[in-house]
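Welcome to a short tour of one protein model.

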Amino acid sequence: MKIENINTPAYVIDEKKLRENLEVLKRVQDESGARILLAQKAFSAYKTYPLVAKYLTGATASGLYEARLAYEELMPCDANGKKLENHVFEPAFKDEEFEEVVGIVDHIVFNSLNQLEHHRKVWEKKVEEGRLSVGLRINPEYSTQDGHEIYDPCAPGSRLGIRRVDMPDVLPDGVEGLHFHTLCEQGFEPLKETFERVEKDFAKFFKQIKWINLGGGHHITREGYDVEGLIELVKRIRDTYGVEVYLEPGEAIALDAGYLVTTVMDIVETEKYPVLILDTSAACHMPDVLEMPYRPPLRDSGEAGEKTYTYRLSSRTCLAGDVIGDFSFDDKKEIGDRLVFEDMAIYSMVKNNTFNGMALPDIDIMHEDGSIEVLKTFGYQDFKCRL
Ligand SMILES: Cc1ncc(COP(=O)(O)O)c(C=O)c1O
């Protein structure tokens with residue numbers, strides 16, 4: 001099947017681009033010794049996990065369900081004989097889930113000393129059996145992002161990670177790793193600066209640890225990212241402190257590796273631009289467009305007024321503000337035309353919803369030869385079963 005024939009709306013994962021991203025990440029691992037994990041919160045289309053397994057060290061989860069997904073779908077993949085790793089971090093683990101969580105992960109990271117101690121009896125057993133490594137998330141209190149406070153774990157009042165002032169004199173028994181996550185869609189320089197801050201404030205603990213996890217938010221596969229700088233930094237950390245270094249990017253794994261294909265259902269004249277009513281929705285199918293907010297890249301389009309025909313792109317939900325943006329085109333749009341939003345593999349399928357009873361888009365994969373396979377379709381039951 002070709003892209004012109006698929007049912008819409010549909011997310012189409014681009015297998016070639018995914019592989020190319022994974023190759024860049026594998027190079028970072030091979031040349032620096034870093035261990036790179038897929039942050040499933042960004043991308044967890046698990047039918048691609050056999051491919052991911054060929055390149056990365058494992059996956060990280062935001063809680064039991066993602067940890068279980070990796071355990072079921074990633075861990076069994078044959079990764080050239082090496083055992084894949086399953087990691088988890090959650091601000092607070094539920095008592096009734098905790099036994100299951102520690103039964104399926106290799107690393108667990110706690111957000112507070114309270115949480116560490118609260119669950120100690122359960123995790124300590126696994127540590128004694130040599131089946132678990134425990135870490136603490138720290139807050140370096142070093143913001144490197146402008147504007148997006150919602151994505152800044154170092155913003156004042158953040159609940160994420162232990163501040164230096166709240167750290168004990170020595171790490172509690174059983175803790176053998178430190179974790180920080182502070183970046184969002186950033187280059188190498190902010191990571192370097194943040195690590196220097198961590199080094200200044202937390203280095204006294206480095207003697208006690210076996211690993212440090214530098215979190216996600218590294219746009220390693222974006223053109224122009226200073227991959228050499230990253231390799232050098234990881235090597236320096238490993239050589240200086242004798243620790244393993246983990247990175248857990250989400251976006252970088254599937255950056256630009258997917259599309260959202262949609263069809264024009266109607267065209268409504270307004271006193272401003274004509275509005276294209278699409279069979280997709282920002283609110284339901286690309287919530288980050290409204291939440292971040294950002295303007296998604298759209299194939300063969302320009303800014304409003306840049307090309308001959310400008311339209312407002314919107315959806316068939318009832319939400320007046322369910323607007324994707326104003327875009328212009330060389331050609332006049334007709335009902336039935338298809339549009340292709342780019343960079344739609346990340347934070348899309350994992351965040352979508354059925355508000356208004358909207359159907360979820362299909363999930364398709366475009367193989368390297370250009371053919372498209374339908375991986376998943378959804379229907380009324382997917383809406384009903386959640387209510
Ligand atoms: C703890 C943690 N690790 C990794 C990630 C992945 O970040 P990204 O997808 O921006 O690389 C996130 C994102 O919020 C996170 O909170």
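Let us begin with strand 6, which spans residues 133–139 of this predicted model. Seven of its seven residues are buried, so strand 6 is largely enclosed by the rest of the structure. Buried here stands for a relative accessible area under 20%. Which residues cover the two faces of strand 6? On one side there are Ser133, Gly135, Arg137 and Asn139, and on the other Val134, Leu136 and Ile138; all of them are buried.

Strand 6 also has partners. Strand 5, made of residues 107–110, pairs with strand 6 in the parallel sense over four bridges.

Now move on to the ligand. Where does the ligand sit? Its place is in the largest pocket. There are 13 residues around the ligand, and those that come nearest are Lys41, Gly217, Glu248, Gly250 and Tyr347.

| Residue | Part of the residue | Ligand atom | Distance |
|---|---|---|---|
| Glutamate 248 | polar side-chain atom | nitrogen | 2.7 Å |
| Glutamate 251 | backbone N or O atom | oxygen | 3.0 Å |
| Histidine 181 | side-chain N or O atom | oxygen | 3.5 Å |

How much of the ligand does the protein cover? On its own the ligand has 400 Å² of accessible area, and the protein covers 86% of that.

Asparagine 86 belongs to strand 4, residues 85–90. Is asparagine 86 buried or exposed? Its relative accessibility is 0%, so asparagine 86 counts as buried. The side chain of asparagine 86 reaches the backbone oxygen of alanine 67, at a distance of 3.0 Å.

Alanine 283 is part of helix 10, which runs over residues 282–285. With 13% relative accessibility, alanine 283 counts as buried too, because that value is under 20%. Follow the sequence from alanine 283 to threonine 317 and you cover 34 residues, yet in space the two are 8.4 Å apart, C-alpha to C-alpha.

Phenylalanine 383 is found in helix 12, residues 380–384. At 26% relative accessibility, phenylalanine 383 counts as partly exposed. Along the chain, phenylalanine 383 and asparagine 353 are 30 residues apart, while 8.6 Å separates their C-alpha atoms.

Finally, have a look at some backbone details. Most peptide bonds are trans, and most residues other than glycine have a negative phi. Proline 9 lies in the segment before strand 1, which covers 10–14. Another cis peptide bond leads from methionine 292 to proline 293, where omega is near -20 degrees. You will find proline 293 in the loop between helix 11 (288–291) and strand 13 (302–303).

At 37% relative accessibility, glutamate 141 counts as partly exposed, whereas the residues of strand 6 are buried. Aspartate 256 lies in the loop between helix 9 (251–254) and strand 11 (258–268). The relative accessible area of aspartate 256 is 38%, which makes it partly exposed.

How values were computed:
Residues numbered from 1 in each chain as written. Predicted model: local features only at pLDDT ≥ 70, side-chain atom pairs only at ≥ 80, totals over all residues. Heavy atoms only, no water. Buried < 20%, exposed > 50% of the residue type's maximum accessible area, 1.4 Å probe, protein only. Pairing = 2+ DSSP bridges. Near = heavy atom within 4 Å. Polar contact = N/O pair within 3.5 Å; in protein donor to acceptor, adjacent residues only side chain to side chain. Areas by Shrake-Rupley, 256 points an atom, 1.4 Å probe, with all protein chains shown as cover. 1 Å grid on protein atoms, 1.4 Å probe; cavity = no way out; pocket = protein on both sides within 12 Å on 5 of 7 lines; lining within 4 Å. Sits in = over half its atoms within 2 Å of the grid points.
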